[in-house]
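Subject: Structure handover

Hello,

Here is the structure for your files.

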Amino acid sequence: MLRIAAIMLRELKKRGVMEFERLRGIVIRRVGGDGEITFLPALSFLYLMGKIEYHAENDVIEYRAN
């Protein structure tokens, strides 16, 4: 899960904001089947740590630099 979270943070730092499905696709391409299984738990982990914010109206994930 930490590997997936690290991939997500790296991509979000580059772009700032990404669509949910685009980020999911990047993770799955880089990691394979494990990426699909671990994507949501890693996303939840980053949210709980205050590193990301989810905007439902646009279905995007925003990197939060704190």
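Predicted model: local features only at pLDDT ≥ 70, side-chain atom pairs only at ≥ 80, totals over all residues.

Numbering starts from 1 along each chain as its sequence is written, and side-chain values use heavy atoms, with hydrogens and water left out.

Core

The largest nonpolar core has 18 residues, and those with the most contacts inside it are Met8, Leu23, Phe39, Leu43 and Ile61. A nonpolar core here is a set of buried Ala, Val, Leu, Ile, Met, Phe, Trp, Tyr and Cys residues joined through side-chain atoms within 4.5 Å. Buried means under 20% relative accessible area, exposed over 50%, and partly exposed in between, with a 1.4 Å probe and protein chains only. At least two residues of this core come from each of α1 (2–15), α2 (20–31) and α3 (33–48). The largest share, six residues, is supplied by α1. Helices (H or I, at least four residues) and strands (E, at least two) are DSSP runs, numbered from the N terminus.

Ile61 is in contact with Leu12, Gly16, Val17, Met18, Phe20, Leu23, Leu43, Ile52, Glu53 and Tyr54, leaving aside its neighbours within four places in sequence. Contact means heavy atoms within 4.5 Å.

Helix pairs

Two packed helices are described by the angle between their axes and the distance between the axes. The axes are lines fitted to C-alpha atoms, for helices over the stretch in contact, and angles run from 0 to 180 degrees between N-to-C directions. Angles under 35 degrees count as roughly parallel, over 145 as roughly antiparallel, 65 to 115 as roughly perpendicular and the rest as oblique. A crossing is left-handed if the near helix is turned anticlockwise from the far one by less than a right angle, and right-handed if clockwise. For residue classes, Ala, Val, Leu, Ile, Met, Phe, Trp, Tyr, Cys and Pro count as nonpolar, Asp, Glu, Lys and Arg as charged, and the others, Gly among them, as polar.

- α1 and α2: the axes come within 10 Å and cross at roughly 130°, so the two helices are oblique to each other. The crossing is right-handed. On the α1 side the contact is made by Arg3, Ile4, Ile7, Met8, Arg10, Glu11, Leu12, Lys14 and Arg15, and on the α2 side by Arg22, Leu23, Ile26, Val27, Arg30 and Val31. The contact of α1 with α2 has eight nonpolar, no polar and seven charged residues.
- α2 and α3: these pack at an angle of about 135° with their axes 8 Å apart, and are therefore oblique to each other. The crossing of α2 and α3 is right-handed. Phe20, Leu23, Arg24, Val27, Ile28 and Val31 of α2 meet Gly33, Asp34, Gly35, Glu36, Phe39, Leu40 and Leu43 of α3. By class, the residues of this contact are eight nonpolar, two polar and three charged.
- α1 and α3: the packing angle is about 70° and the axes are 8 Å apart, so α1 and α3 are roughly perpendicular to each other. Their crossing is right-handed. Leu2, Ile4, Ala5, Met8 and Leu9 of α1 make the contact with Gly35, Thr38, Phe39, Ala42, Leu43, Phe45 and Leu46 of α3. The contact of α1 with α3 has ten nonpolar, two polar and no charged residues.

Single residues

Glu11 lies in helix α1 and counts as buried, at 2% relative accessibility. Not counting residues up to four places away in sequence, Glu11 touches Met18, Leu23, Ile26 and Arg30. Glu11 and Leu23 are twelve residues apart in sequence, and 7.7 Å apart in space, C-alpha to C-alpha.

Ile52 is in strand β2 and is also buried, at 3% relative accessibility. With residues up to four places away in sequence not counted, Ile52 touches Leu12, Leu43, Leu46, Tyr47, Ile61, Glu62 and Arg64.

Asp59 lies in the loop between β2 (52–55) and β3 (60–63). At 31% relative accessibility, Asp59 counts as partly exposed. Phi of Asp59 is near 55°, a positive value in a residue other than glycine. Most residues other than glycine have a negative phi.

Regards
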